[in-house]
Amino acid sequence: MKKCGVFVLAMLASFLLVSCGGGGSSCGFDDPSTPTFNLDGTVWSLEGTTPSNNCPDPTTTFSGSGTFTQSGNTLTATSSGISLKGEISGSQIKFAGDLTIGTETITIDCTTATLTSNSVGSTFSFSGTTWESDYGSGTCDGTSSGTFTRTN
């Protein structure tokens with residue numbers, strides 16, 4: 001089991017199910033509504049796994065933290081090795097992006113999660129998020145799951 005310090009943003013996920021493309025450029029809502037929560041400046045930690053049947057490492061465990069930037073419906077999360085972009089509509093979040101772990105890059109397809117609270121200690125989870133990894137000598141893919149927890 002490989003441990004890596006990264007923050008897979010709250011939209012992240014790693015966030016769940018429709019294939020929208022890497023980097024989050026096309027990962028959003030067709031007609032977003034006014035966000036229920038303002039995440040701008042909030043810090044969230046993330047714990048998750050990316051199990052797969054065709055990668056050299058059977059399971060990658062990731063953890064880390066990062067700060068959200070929000071402008072209207074647009075969300076971004078960046079920290080060392082993380083570049084996630086997405087949107088918030090009501091209490092729904094969609095995101096996609098890249099995680100760099102050493103020499104390995106994991107691209108997360110568009111994921112959706114539901115935020116029920118924005119207070120310190122609140123959580124939201126994602127599962128079934130598709131990803132693809134380029135580990136230098138090849139690629140592999142699978143699904144991931146994780147939980148974000150607000151820390152400030």
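Q: What is the handedness of the link between Cys-27 and Cys-110, and what is the angle about the S-S bond?
A: A disulfide is a covalent bond between the sulfur atoms of two cysteines. The criterion applied here is a pair of cysteine sulfur atoms within 2.5 Å. In this predicted model, the link of Cys-27 and Cys-110 is right-handed, with 65° about the S-S bond. The two sulfur atoms are 2.1 Å apart.

Q: How many disulfides does a search of the whole structure find?
A: The search finds 1 disulfide.

Q: Are Cys-27 and Cys-110 buried or exposed?
A: Buried means under 20% relative accessible area, exposed over 50%, and partly exposed in between, with a 1.4 Å probe and protein chains only. Cys-27 counts as buried because its relative accessibility is 4%. Cys-110, at 0%, counts as buried too.

Q: What conventions apply to the numbering and to the model?
A: Residues are numbered from 1 along each chain as its sequence is written, and side-chain values use heavy atoms, with hydrogens and water left out. As this is a predicted model, local features need pLDDT of at least 70 and side-chain atom pairs count only at pLDDT 80 or more, while totals for chains, interfaces and linings use all residues.

Q: How many helices and strands does the protein chain have?
A: Both are DSSP runs numbered from the N terminus: helices are H or I, at least four residues, and strands are E, at least two. The protein chain has 0 helices and 9 strands. Of its 152 residues, 45% are buried.

Q: In which sense do strands E4 and E5 pair?
A: Two strands pair if DSSP finds at least two bridges between them. E4 (residues 74-79) and E5 pair in the antiparallel sense over 6 bridges. The bridge partner of Thr-74 in E5 is Glu-87. Strand E5 (residues 82-89) is mostly covered, with 6 of its 8 residues buried.

Q: Which residues is Gln-70 in contact with, leaving aside its neighbours within four places in sequence?
A: Contact means heavy atoms within 4.5 Å. Gln-70 is in contact with Pro-35, Phe-37, Asn-38, Leu-39, Asp-40, Leu-75 and Ile-88. Gln-70 sits in strand E3 (residues 59-71) and counts as buried because its relative accessibility is 12%.

Q: Where does a polar atom of the Gln-70 side chain lie 3.4 Å from a backbone oxygen?
A: A polar contact is a pair of N or O atoms within 3.5 Å; within protein, one must be able to donate a hydrogen and the other to accept it, and residues adjacent in sequence count only if both atoms are side-chain atoms. The backbone oxygen in this case belongs to Phe-37.

Q: Is Asn-38 buried or exposed?
A: Asn-38 counts as exposed because its relative accessibility is 52%. Asn-38 is found in the loop between strand E1 (2-5) and strand E2 (43-51). The side chain of Asn-38 reaches the backbone nitrogen of Asp-40 at 2.9 Å. Beyond its neighbours within four places in sequence, Asn-38 is in contact with Gln-70 and Asn-118.
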